[in-house]
Amino acid sequence: MTSPLHPARLDWSTGLPMSADYGDVYFSRDSGLAETRHVFVDNNDLPQRFAALQSGGLFTIGETGFGTGLNFLVAWQCFLAHAPAGARLAFVSTEKHPLAPDDMQRALAMWPALAAEAAELLQQYQTLAPGWHRFVLAAGRITLTLLVGDALATLPELDARVDAWFLDGFAPSRNPDMWQPALFEQLARLSKPGATLATFTCAGVVRRGLAEAGFAVEKVTGFGSKREMTRGQLASAPASSWQAPWYARPQLPAQLERTAIVVGAGIAGASIAYSLAVRGWQVTVVDRHPVPANEASGNPQGVLYTKLSPHFTPLTQLILSGYGYSLRTLAASLPQGDDTWRQCGVLQLAHNAEESKRQHGLALAGLPHGILHAVDSEQASQLAGIAVDLPGLYFPQGGWLHPPALVRRLLDHPNITLRLATAITELSQNPADHSWVAMDSDGPMAIGGIAVLATANETVQFDPTFYLPVKRIRGQVSVVAATAASHALKTVICGEGYISPARGDTHCMGATFKFDTSDTQPCASEHQENLDMLAQMSPALHQALGGDSLSASQCSGRAALRCTSPDYLPMCGAIVDREAFNDLYAPLGRDASLKLSQDAPEVTGLFVSTAHGSRGMVTTPLCGEVLASLLDNEPAPLPKPIMDAIHPSRFLVRDIIRQKLRERD
């Protein structure tokens, strides 16, 4: 279980934000903006280093202590002023006590020179849960990965190569828990050769710790009334520790052409295409259907919510990060409206004893009130706008969306070419340069430096990915006409199933789970299941929609096949040659603790994003960022253990260890 999150408590009595917990200011009383430029920008030589980047180059900044975001916005502005077109900035920052959105807005309003950057950040900044949060800004040229938690817990799980460090945070005398040898060791581990650092402090404990970690440090002139500060450069890199090669970053050709074929135009494929396109990749998206989002992504209303475990399992950590990223994607991409999405909140009702126990554990887990909080039946009724008989959890940031609208928006980018009604008959690789060619019945129709399969259950129809253990689960949603009484529903209600507030003149509810069929035709029996679910979950709403007079024959709807995996985590990452992989790592079957070092035998340039199950609206957009980060050597948007947990090769490793290898059918 993660540590409870305590948001920052600010004291504004002096007119400046001061931490009530640490008794220290967030920025200089003289001029926070000028201090940031002097300490972090100038003493890391950022204008010159940004200007020296190549088009398409990447510069990575790491920071300890995000605070008000001032340092980030200054670096962002400096980057756009000096870097060549096409270059990109990746900014990674830790923050143990994130500011509430209102405090962030109030603090950043003090700097009119940063108003444009602040407005874009604040558009996506909501109450943050513990964990990792990815922001995509400046039309994709800048990413912010915000690690919410103790730096000594988050940095060891970070996979990044940092060019420059901003060592901020409260003074060592006020916050000694952060300024420890373990922190300095992580800074060295994550640094590129020659990486620089700057910090406002010149405390001996900091300078000695940095020197012991391998940095050459010096005192230089501080800002304003502060006489001295510290800057440094990595002089000796630490010895690298062993990491499982089967989960390593993909091996890519040195001269990889930044072109991609993405197979599948559902939410998974659209998310990948968008994340690559905003980074300058030329992407061809191919789909056999005449319109995007024709299968599981085509439901009229999808629910954006999180069903979490109070034990903060890998799935829960992934969902929390994905939930936040999907909300930011919607905020930046689609205006709220009756046809697109509504951040109307979600009620999860405690519909049985097991669910009540889970919700009680979550209510005590220390998540911020703005993420979720417990409500009794009276409070639930007030939120829903209609009588609710059960207590539950309320997720104020959740809501519903029209998935096809998001898919279309993500695909609407000048770097994306959409090829619909095109069935791929063969996907082959050129052995000379490892490029990929997609063939249809008329011959080659797309060429890419890489290929990504976002084809759900159909992924196993391709030769290199036949072994992925996907399973199909049919789900049917039912659509019913709204009534004057049902229009009172203001939030999504979830129990055994869900129902959304009206979109136009209809409500969407569902969805069924059927493991024994691949049929995708809607049927009356499953419409009746959904109606029975509604009657049990919300008798008042069932009555508002017609009660016993409402029959399956009055429902429309659609059915599709979810795609999931044995551990219910998605599969996102590079594909390997199964036979060569099994041969290479066979010794693990005799001793799973062996630290083998041979690189995994990848199928060069082939990737997947699949098995998102019923959580596709939460996990697929973030998985697009996962793949783009791997391909462009950016900081990973998830902790390393979670990146490993969603790697497609995890099932091969498990089968080798258990001496259980699946044969091809």
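In the predicted model, Glu 529 and Lys 514 form a salt bridge in which the closest N and O atoms lie 2.6 Å apart. This pair joins distant parts of the chain, since Glu 529 belongs to helix H14 (residues 524-537) whereas Lys 514 sits in the loop between strand E27 (506-510) and H14, with 15 residues separating the two. Glu 529 has a relative accessible area of 36% and is therefore partly exposed, and Lys 514, at 23% relative accessibility, likewise counts as partly exposed.

A salt bridge is also found between Arg 134 and Glu 625, whose closest N and O atoms are 2.8 Å apart. Here the linked parts of the chain are strand E5 (residues 131-137), which holds Arg 134, and helix H17 (residues 616-631), which holds Glu 625, and the two residues are 491 residues apart. Arg 134 counts as buried because its relative accessibility is 1%, and Glu 625 is buried at 1% as well.

Arg 258 pairs with Asp 632, again with 2.8 Å between the closest N and O atoms. Both partners lie in loops, Arg 258 between strand E10 (228-234) and strand E11 (259-263) and Asp 632 between H17 and helix H18 (640-645), and they are 374 residues apart. Arg 258 is partly exposed at 27% relative accessibility, whereas Asp 632, at 7%, counts as buried.

Over the model, the count comes to 24 salt bridges.

Conventions: Residues are numbered from 1 along each chain as its sequence is written. This is a predicted model: local features need pLDDT of at least 70, side-chain atom pairs count only at pLDDT 80 or more; totals for chains, interfaces and linings use all residues. Side-chain values use heavy atoms; hydrogens and water are left out. A salt bridge is a side-chain nitrogen of Lys or Arg within 4 Å of a carboxyl oxygen of Asp or Glu. Helices (H or I, at least four residues) and strands (E, at least two) are DSSP runs, numbered from the N terminus. Buried means under 20% relative accessible area, exposed over 50%, partly exposed in between (1.4 Å probe, protein chains only).
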